[in-house]
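Biologist: Please walk me through this one. Keep it short.

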Amino acid sequence: QLACPLDLGCHSVQLANFLIAIMSAEHEVVFTPDAPAPIGPYSQATALGNMIFVSGCIGLDPVTGAFPAGAETDVEAQTELVLKNMQAILRAASSDMNKVVKTTILLRSMDDFAKVNAIYAKYFPSNPPARATFAVAGLPKNALVEIECVAYRQSAL
C-alpha cells in the first residue's frame, strides 16, 4: 500500500494501489452445471476481485451440450438460451444481469441484428451495458449468435 505524498494528487496513488491489488490477486475459475460446459480449453467465466469475465456463450442446452431441437436455425431461440446461460454463470459468480457493464455480441449475419436486439432488451430493460456487435464468418458449432460479458459483484468471494 502506497501513501499519498502531500505534494502530489492522491488519484495517482489510488490508481497505483488498485493496480497493485489486482496484480497480486489470483483469478478464480467460475463453473456451474446450469450452463453448458466449455467446449474447449477455457472457463465459463473467471473472476478477479469484484470483476467477472464471462466467456462467449452460445445457445446450447446445459444438459445435452447441443442446440435444442429446432434452434439450430433459429437466432431468437439461440439468443434466449445464450442469455439464460449467461445468467446462470453470473449467478454462480455471485452476480446478475444488472451488474453487467460490457457485452460483445458476435453474429453470423447482421440480418439478425434486430431479432437479437429484441431478445437482448428483455434481459437489459434499463441502464443497458456498453456493447459492441460484430458480424463474423463462423462461430463454434455453427451457432448463429455468441455473447460474452464483463460484470461485477458486490464483494469478492
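Biologist: How many aromatic pairs does the count come to?

Modeller: One aromatic pair. Rings of Phe, Tyr and Trp (its six-membered ring) pair if their centres lie within 6.5 Å; planes under 30 degrees apart are stacked, over 60 edge-to-face, and the rest tilted.

Biologist: Which residues form the aromatic pair, and what are the distance and angle?

Modeller: Tyr120 and Phe124. Their ring centres are 4.7 Å apart, with 45° between the planes, and the pair is tilted.

Biologist: What should I know about the model before I go on?

Modeller: It is a predicted model: local features need pLDDT of at least 70, side-chain atom pairs count only at pLDDT 80 or more, and totals for chains, interfaces and linings use all residues. Residues are numbered from 1 along each chain as its sequence is written, and side-chain values use heavy atoms, with hydrogens and water left out.

Biologist: Which residue lies over the face of Tyr120?

Modeller: Arg131, at 4.7 Å from the ring centre. A charge sits over a ring if NZ of Lys or CZ of Arg is within 6 Å of the ring centre and within 35 degrees of the ring normal.

Biologist: And what does the side chain of Arg131 make with Thr133?

Modeller: A polar contact between the two side chains, at 3.2 Å. That is a pair of N or O atoms within 3.5 Å; within protein, one must be able to donate a hydrogen and the other to accept it, and residues adjacent in sequence count only if both atoms are side-chain atoms. Thr133 is in strand β5. Thr133 also touches Ile105, Leu107, Met110 and Phe113, not counting residues up to four places away in sequence. Contact here means heavy atoms within 4.5 Å.

Biologist: Zoom out. How many helices and strands are in the chain?

Modeller: Three helices and six strands. Helices (H or I, at least four residues) and strands (E, at least two) are DSSP runs, numbered from the N terminus. The order from the N terminus is α-β-β-β-α-β-α-β-β. The chain has 157 residues, and 36% of them are buried.

Biologist: Which residues of α3 are buried?

Modeller: Val116, Ile119, Tyr120 and Tyr123.

Biologist: Why are they on the same side of α3?

Modeller: Because they cover an arc of only 100° around the axis. The arc is that of the directions from the helix axis to the C-beta atoms. An α-helix has 3.6 residues a turn, so residues three or four places apart point the same way.

Biologist: What covers that side, and what is on the face turned away?

Modeller: The cover over the buried residues of α3 includes α2, β4, β5 and β6. The face turned away carries the exposed residues Ala114 and Lys122.

Biologist: Now α2. How many residues has α2, and what length does it reach?

Modeller: α2 covers residues 75–92, which is 18 residues. From first C-alpha to last, α2 reaches 26 Å, close to the 26 Å expected. The expected span is 1.5 Å times one less than the number of residues. At the start of α2, a side-chain oxygen of Asp74 is within 3.0 Å of the backbone nitrogen of Glu76.

Biologist: What do the buried residues of α2 pack against?

Modeller: β1, β2, β3, β4, α3 and β6. The buried residues of α2 include Val75, Leu81, Met86, Ala88 and Ile89.

Biologist: What follows α2?

Modeller: Ser94, with a positive phi near 65°. Ser94 lies in the loop between α2 and β4. At 40% relative accessibility, Ser94 is partly exposed.

Biologist: And Asn127: buried or exposed?

Modeller: Asn127 is exposed, at 73% relative accessible area. Asn127 lies in the loop between α3 and β5. Asn127 has a positive phi of about 50° although it is not a glycine.

Biologist: Last one. Where is Leu144?

Modeller: In the loop between β5 and β6. Leu144 is buried, at 11% relative accessible area. The C-alpha atoms of Leu144 and Asp112 are separated by 8.6 Å, with the two residues 32 apart along the chain.

How values were computed
Buried means under 20% relative accessible area, exposed over 50%, partly exposed in between (1.4 Å probe, protein chains only).
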